[in-house]
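Please read the following briefing alongside the sequence and the model.

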Amino acid sequence: MLKLIKLEWKKNNIGKYIRNAAILAVILYLFLFSFAFLGIANDPDTGVPDTAPGNETISPSIELFTSMSFLVFTGVMLASFIVSAYKNKTMNLMFSYPIKRQKILISQMLAVWIFNFTALVLTKLVIYGGILANSRFLESAFPIDFDMTGPGFYIQLIVKAMVIVTMGFIALFVGMAMKSSKATIITSFLLIFLTQANIGDLTMANNTVLPVILTIVSLAFAFLSVCRAETKDLT
Amino acid sequence: MSYILQTNHLTKTIDGKELVKDVSLHIKKGEIYGFLGPNGAGKTTVMKMLTNLWKPTDGSIEILGETLTPQSYEVLKRMGSIIEFPTFYGHMTGYENLKLHCEYMGYYEHGSIENALEMLDLTSAASKPVKNYSLGMKERLGIARAILCKPELLILDEPTNGLDPAGMKQIRELFHMLCREYGITIMISTHILSEIESIVDTIGVIHHGKMNKEISMREIEQMSLAYIELSVQNPEKAAYVLSEKLGLTNFKIVEDGQIRIYDNQVSTQDLSRVLALNGVSVSALAKKGETLEDYFLKLTEGGEKEC
């Protein structure tokens, strides 16, 4: 399985994605840095951050922007690894190999999952670490509300990253059903709105049950995507 | 007689439309099998089922002594195939694409990639990314990939598409060599019979999803496709003479004064003598042969008229 995953990375030119993920991480860092220390989110009249309720501190913003970006990134990668492989017929080639179709699909999904999970965790660590380090010298417009010393912080960070990246499988399922890369990416956008956005006071971002449900739904969709492959005709 | 590939009443229905109906193919070990049919006859559909990409609605397939099921993966190791147009990973070079193929097939033999590239004249292009290849080069790389892992059975769907005449000749020779020297059984589909006429041992003709005829080249040769063409002023009288005086039955009047005699017992000398004696003036007399192409057209078009 590990070998199949490595081959997937090689085939899909993983170097390009590493570069893009790194660029994304830098942009996110600069953006959140400006949020905290350059006051771009401050209301010009009052000089305090103009935020939605519950987002007065820095960590919700960090969570929101990193999750959002990497969910879309996962959608894009799933689209190009799997959905477009069906479209440009390289899947026909893959399915002519003496390897179970399910195994091929799982390896492709894992290839994307592992990459994005790693990238998201690293990006978050860099941003949290960077902002914490800078807050010793500069004054942050948002209160620093996290503590990087205890294990709780890291466990939470990893679990959240897992949930976000796994949600990409919902987008994959929709994309595969509609045979469209665009649908995959658009679905990942919609998922962000569902989980992160708020309408007035109404938001699902702080709901603890929702991520659990979404993860279960995502895994169910992932399972469905894989299951149907074995007997389905390739068109 | 045991066959390396055999289908029994293979049928594929998609959305109520029968793409392939009741096809029974028989391919012997070590032969080249030409699978012929006009465009849209169902050649690719059959080949997709043979390579397990599509699952048959009805009927069964036996390959290399095994009945194909959705779980048949091991048998794929012993086959090489090109279905429709070969696909590659464009950003990788020709060599890398073949290497990847070896990895997936679980085939590691030193020098096999170089060897395959050389057979298809691609050695100089091997280090270029495939996206810069021409159509013909991609087709040849596809063939290189299909033969790379020394398969026992090659299934090639219109492998000469996009090749120039010289390239086609080269590929034909390559197939002939693979079959004779390595004992590889090859199934080639095409809609142009003349492309493969010289190398095939058996042809199967498919039309409108149905198998029209399966016949070995030897049988075709024995079948008297040769005929004598006769041009006369008065065909009715000539026909009378042919049947009454010469006792011929296997002839037909084609068009204005032309008669084709399929009976190969009678000599042209006898013919002209008897006809002249009976007062039929012959303006032309020639021995002709029906080409395989005509035969093939007759099979496919004839089927259409009967419908």
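On a 1 Å grid over the protein atoms alone, a cavity is a set of points where a 1.4 Å probe fits but cannot get out, and a pocket is an open set with protein on both sides within 12 Å along at least five of seven lines, while lining residues have an atom within 4 Å of a point. This is a predicted model, in which local features need pLDDT of at least 70 and side-chain atom pairs count only at pLDDT 80 or more, whereas totals for chains, interfaces and linings use all residues. Residues are numbered from 1 along each chain as its sequence is written, chains are lettered from A in the order in which they are written, and side-chain values use heavy atoms, with hydrogens and water left out.

**Cavities**

- The whole structure holds two cavities of 30 Å³ or more, a volume being the space filled by probe spheres set on grid points joined across faces, edges and corners.
- The largest cavity, of about 150 Å³, has 15 lining residues, and those nearest its centre are A:Ser96, B:Met79, B:Gly80, B:Ser81 and B:His101.
- The second largest cavity, of about 90 Å³, has a lining that includes B:Ser112, B:Met119, B:Lys150 and B:Tyr182.
- H3(B) contributes four residues to the lining of the second largest cavity, the most of any element, where helices (H or I, at least four residues) and strands (E, at least two) are DSSP runs numbered from the N terminus.

**Second largest pocket**

- The second largest pocket has a volume of about 400 Å³, and among its 24 lining residues A:Asn88, A:Thr90, B:Phe88, B:Tyr89 and B:Gly90 are the closest to its centre.
- H3(A) gives the most to the lining of this pocket, with four residues.

**Sheet and helices of chain B**

- Six strands of chain B form an open, mixed sheet in the order S7-S8-S9-S4-S10-S11, where two strands pair if DSSP finds at least two bridges between them.
- Strands S7 (79-82) and S11 (210-216) of chain B are the edge strands, each pairing on one side only.
- S7(B) runs parallel to S8 (residues 153-157) of chain B and is joined to it by four bridges, and B:Gly80 has B:Leu154 as its bridge partner in S8(B).
- Helix H5 (residues 165-182) of chain B lies across S4, S8 and S9 of chain B, with contact meaning heavy atoms within 4.5 Å.

**Domains of chain B**

- An automatic or database assignment gives chain B domain 1 (3-221) and domain 2 (226-289), whose C-alpha centres lie 46 Å apart.

Technical notes. Axes are lines fitted to C-alpha atoms, for helices over the stretch in contact, and angles run from 0 to 180 degrees between N-to-C directions.
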